[in-house]
Amino acid sequence: MRAMVYRGPYKVRVDEKDIPPIEHPNDAIIRVTLAAICGSDLHLYHGMMPDTRVGMTFGHEFIGVVEEVGSSVQNLKRGDRVMVPFNIYCGSCYFCARGLYSNCHNVNPNATAVGGIYGYSHTCGGYDGGQSEYVRVPFADVGPALIPEWMDDEDALLCTDALATGYFGAQLGDIHEGDTVAVFGAGPVGLFAAKSAWLMGAGRVLVIDHLDYRLEKARTFAHAETFNFAEYDDIVREMKKTTDYLGADAVIDAVGAEADGNLTQHLTSAKFKLQGGSPVALNWAIDSVRKGGTVSVMGAYGPLFSAVKFGDAMNKGLTLHMNQCPVKRQWPRLFEHIQNGYLKPSDIVTHRIPLEHIAEGYHIFSAKLDNCIKPVIVPSQSA
Amino acid sequence: MPYTAEQPKRRESNDDLRARIPGWGADLDPKNRPAVPRERFDPAATGAHWDFPDRQPEKWPRERSVEHKMLTPVFGTTVPPRGVSGVLRKYAYREYSEGQAAHWLILLAADRVDAVESHLLSFASLRPDNPITETGVLSELTRHGYSSRVGRNRADVKHQWMDPILVAGPWVLAAGLLYTTVRALARRR
Ligand SMILES: NC(=O)c1ccc[n+]([C@@H]2O[C@H](COP(=O)([O-])OP(=O)(O)OC[C@H]3O[C@@H](n4cnc5c(N)ncnc54)[C@H](O)[C@@H]3O)[C@@H](O)[C@H]2O)c1
Ligand SMILES: [Zn+2]
Ligand SMILES: [Zn+2]
């Protein structure tokens, strides 16, 4: 089969690989029909995530058709069209039993601090991902779900991570009626978080980024007020000004480890790897939120420490909420919102790229060329 | 204004918002928010029909965090450790918990070693690495590399110029080294 393969920082190609076999009675093998590149994949692509091995196939957002199932699988059969959450989880451990699907303890021998994620380095369990023609899906009775008849493929694809994560991020903001919500980052996660903030009853939604074309999308798609941080000397001061010096009630970090806006932070994290990630956006979030407010962290950071302004968070009495999104928990309610027309996830898809050209897909998305917001990957057999 | 007690004035009423934004307030009641409360004990909700999963066979000594009591029943099997990077990785897992910086710094170092080892190996294979196609850099020409950056007030342009140097630098250096070595050898004959 054809599969995306990591060749070292900034380098990927498509190789011939064996179709993955069933390794556990509850495995399924899925033939991928659509995959996507996520902002999280960029942390791998830039060589920032420890134990990212040359030869690994990335991709944790994908949908497909069941090709083969293991002997204990009850809920799926060959030919089913399925959407697969980016979390790999057992459904029965201490954490899964309590709904913390993204924090499963039975799927990742490499680290106890992280759950299992498809195609996301050995630090997340050493599983190959879905930017490929076939992928092994463990715990087929737990993670995957049939794609509802009425749902578009690209909408289903975006439910497997970006949409669910943005929706989750807004919920962790603990938004009350009329609250002012600021979202740092206008990538897929930030756009969906901004859009979801309205569902929670926000009174104002502010989106901050430095890419004008994404801010434009934040205005049209997410009805938000927007700020280009590169146009201000100090974006925190601007946030205070626009909230009459109170600060926002809730702030969502939808940027993560590769935040721009401070060269020292960029160099020490992205270039020299002395930090688990550049917390520029997180620090701006901590300083922009009002005292007693909530910061919701959806942006991903590596396992190494980061230079976070913890004193400000402490002195301001902030509540910090964060996690990898437990995707499947969001689905029933999200499906209602999509069916009611409140959310149209595929509106943010800008590029559809054949698997064979995935190296260009990574470059376009990473360098933010061609007004790229969300690139979708199409395996050759489904094109 | 935070200097007095009252809530700041709302810019738009709920009715205005409802008219302007489809679905406004649909999840106003936390009961409608699937992530609230964070923990909800309901093992029957997941679809798991086991108390503890069957164990996947361990085909080679699988490296694992010392913070785990045992090998997890299910794990990924792609790219087993190999070469010098593999030795480093196994060492990091064996000797240091996730709580120690050394664990992660050694793993990061192993990633850099892995890239070099893999590039060298690829030259002895039928598919040598090709930095031009693998970086996708040709899309700069077809996908508006110039106009996507210039005059756009982007913060990342301040450091993006470093990326080609960091990516291409080692290749240029290696090529230079190879060239001088071959020339020196040829001269000696
Ligand atoms: N928690 C989860 O479950 C989860 C799931 C998916 C993605 N993520 C993480 O969410 C983050 C965003 O993902 P994405 O797919 O939207 O990525 P993306 O790279 O497309 O978006 C990030 C955006 O942040 C902007 N940005 C950079 N520095 C900024 C700053 N200082 N202030 C404001 N904006 C800034 C960038 O211009 C970009 O538009 C990533 O870190 C990703 O790893 C987390
Ligand atoms: Zn993701
Ligand atoms: Zn579990």
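View 1. Three residues coordinate the zinc ion (ligand 2): A:Cys38 through SG, A:His60 through NE2 and A:Asp161 through OD, at 1.8 to 2.3 Å. Donors are N, O and S atoms within 2.8 Å of the metal (3.2 Å for Na, K and Ca); water is not among the atoms, so sites may look incomplete. The donor spacing in sequence is C-x21-H-x100-D.

**View 2. Loops that carry A:Cys38 and A:Asp161.** A:Cys38 sits in the loop between strand E3 (28-36) and helix H1 (39-45), A:Asp161 in the loop between helix H3 (153-159) and helix H4 (162-172), so the pair ties together parts of chain A that are 123 residues apart in sequence. Helices (H or I, at least four residues) and strands (E, at least two) are DSSP runs, numbered from the N terminus.

**View 3. Chain A around the site.** Chain A holds twelve helices and 17 strands. Of its 383 residues, 72% are buried. Contacts (heavy atoms within 4.5 Å) between residues at least 6 apart in sequence join residues at least 24 apart in 72% of cases. The C-alpha atoms fill a box of roughly 60 × 45 × 40 Å along the principal axes.

**Notes.** Residues are numbered from 1 along each chain as written, chains are lettered from A and ligands numbered from 1 in written order. In this predicted model local features need pLDDT of at least 70, side-chain atom pairs count only at pLDDT 80 or more, totals for chains, interfaces and linings use all residues, and side-chain values use heavy atoms, without hydrogens and water.

How values were computed:
Buried < 20%, exposed > 50% of the residue type's maximum accessible area, 1.4 Å probe, protein only.
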